[in-house]
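Hi there,

Here is the structure I promised to pass on to you.

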Amino acid sequence: MAAATDAATGDATTATTTVLVGVDYSEHSYHALEEAARLAAARFPPGSAEVVAVHARRPLAPAFVAIGAVAAVMSVEAAEQRAVEKLIGEKAGQLSAQYKVEVKVEVKDGEAKRVLCDAVGEHGAGLLVVGSHGYGPVLRALLGSVSDHCCRHASCPVMVVKMP
């Protein structure tokens, strides 16, 4: 939380700290979201922090576009995305009530690691929280790691949350 002075009145003002969280459909990300809400509630006075859960919507797979199955695939993917977004919204609402901290949800198109790093800049986030799936070095090398990328490229501190 940053304290500043209003230029016009000279009064002290309180800036809101944004804690950004990467979420998907996994329990790992829901655990990270809960840890972010708990941290925001414990660390900052009421009303001085917000948690923004960012879900990266993956783009349509090029292979399906090439074979002409676009309409069917888009319909299935749209239904899946609506279900995921509904679950994330419900979880955000529960955590907001439980920890008495504002939890917003944003859905952005793109690759998760880039979406999260861009969102940090857009929000001026003070902290980025991501879950860890706990992959070993081989799977991490094959699949890539959102948390590794964010630790190297985000413009704010990054907290990686592992499942207990």
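Let me start with a pair of helices: the axes of helix H4 (residues 112-123) and helix H6 (residues 146-153) come within 9 Å of each other and cross at roughly 35°. The crossing of H4 past H6 is right-handed. On the H4 side the contact is made by Ala-112, Lys-113, Leu-116 and Cys-117, while H6 brings in Val-146, His-149, Cys-150 and His-153. Sorted by class, this contact has 5 nonpolar, 2 polar and 1 charged residues. Please keep in mind throughout that this is a predicted model.

Now the wider layout. The chain has 6 helices and 7 strands, and from the N terminus on its elements run β-β-β-α-β-α-α-β-α-β-α-α-β. Of its 164 residues, 34% count as buried. The accessible surface comes to about 9,300 Å², with 57% of that belonging to carbon and sulfur atoms. If you look at contacts between residues at least 6 apart in sequence, 72% of them join residues at least 24 apart.

Next, the interior. In soluble globular proteins, nonpolar side chains tend to be buried together. Here the largest nonpolar core holds 23 residues, of which Val-19, Val-21, Leu-33, Val-51, Val-101 and Val-129 touch the most other members. Two or more residues each come from strand S3 (17-23), helix H1 (27-43), strand S4 (49-57), helix H3 (70-99) and strand S6 (127-131). H1 gives the largest share, 6 residues. Apart from this core lies another one, of 15 residues, including Val-52, Val-54, Ala-56 and Leu-128.

Val-51 lies in strand S4, and it counts as buried because its relative accessibility is 0%. Leaving out residues up to four places away in sequence, Val-51 touches Val-19, Val-21, Leu-33, Ala-36, Ala-37, Ala-40, Val-101, Glu-102, Val-103 and Lys-104. With its neighbours within four places in sequence set aside, Val-101 is in contact with Ala-37, Ala-40, Ala-49, Val-51 and Ser-96.

Most residues other than glycine have a negative phi. Lys-100, although not a glycine, has a positive phi of about 55°. This lysine is found in the loop between H3 and strand S5 (102-109). Is Lys-100 buried or exposed? Lys-100 counts as exposed, because its relative accessibility of 67% is over the 50% cut-off.

Finally, have a look at Met-159, which is found in strand S7 (residues 158-161). Met-159 counts as partly exposed, because its relative accessibility of 26% falls between the 20% and 50% limits. Not counting residues up to four places away in sequence, Met-159 touches Glu-35, Leu-39, Leu-127, Leu-128, Val-129 and Val-130. From Met-159 to Leu-128, 31 residues apart along the chain, the C-alpha separation is 6.2 Å. Leu-128 is also one of the residues in the core of 15, and Val-129 is among the residues with the most contacts to other members in the core of 23.

Best wishes

Note on methods
Residues numbered from 1 in each chain as written. Predicted model: local features only at pLDDT ≥ 70, side-chain atom pairs only at ≥ 80, totals over all residues. Heavy atoms only, no water. Axes fitted to C-alpha atoms, helices over the stretch in contact; angles between N-to-C directions. Helix = DSSP H or I, 4+ residues; strand = E, 2+ residues; numbered from the N terminus. Left-handed = near helix turned anticlockwise from the far one by under 90°. Contact = heavy atoms within 4.5 Å. Nonpolar A, V, L, I, M, F, W, Y, C, P; charged D, E, K, R; others polar. Core = buried A, V, L, I, M, F, W, Y, C linked by side-chain atoms within 4.5 Å. Buried < 20%, exposed > 50% of the residue type's maximum accessible area, 1.4 Å probe, protein only. Areas by Shrake-Rupley, 256 points an atom, 1.4 Å probe, with all protein chains shown as cover.
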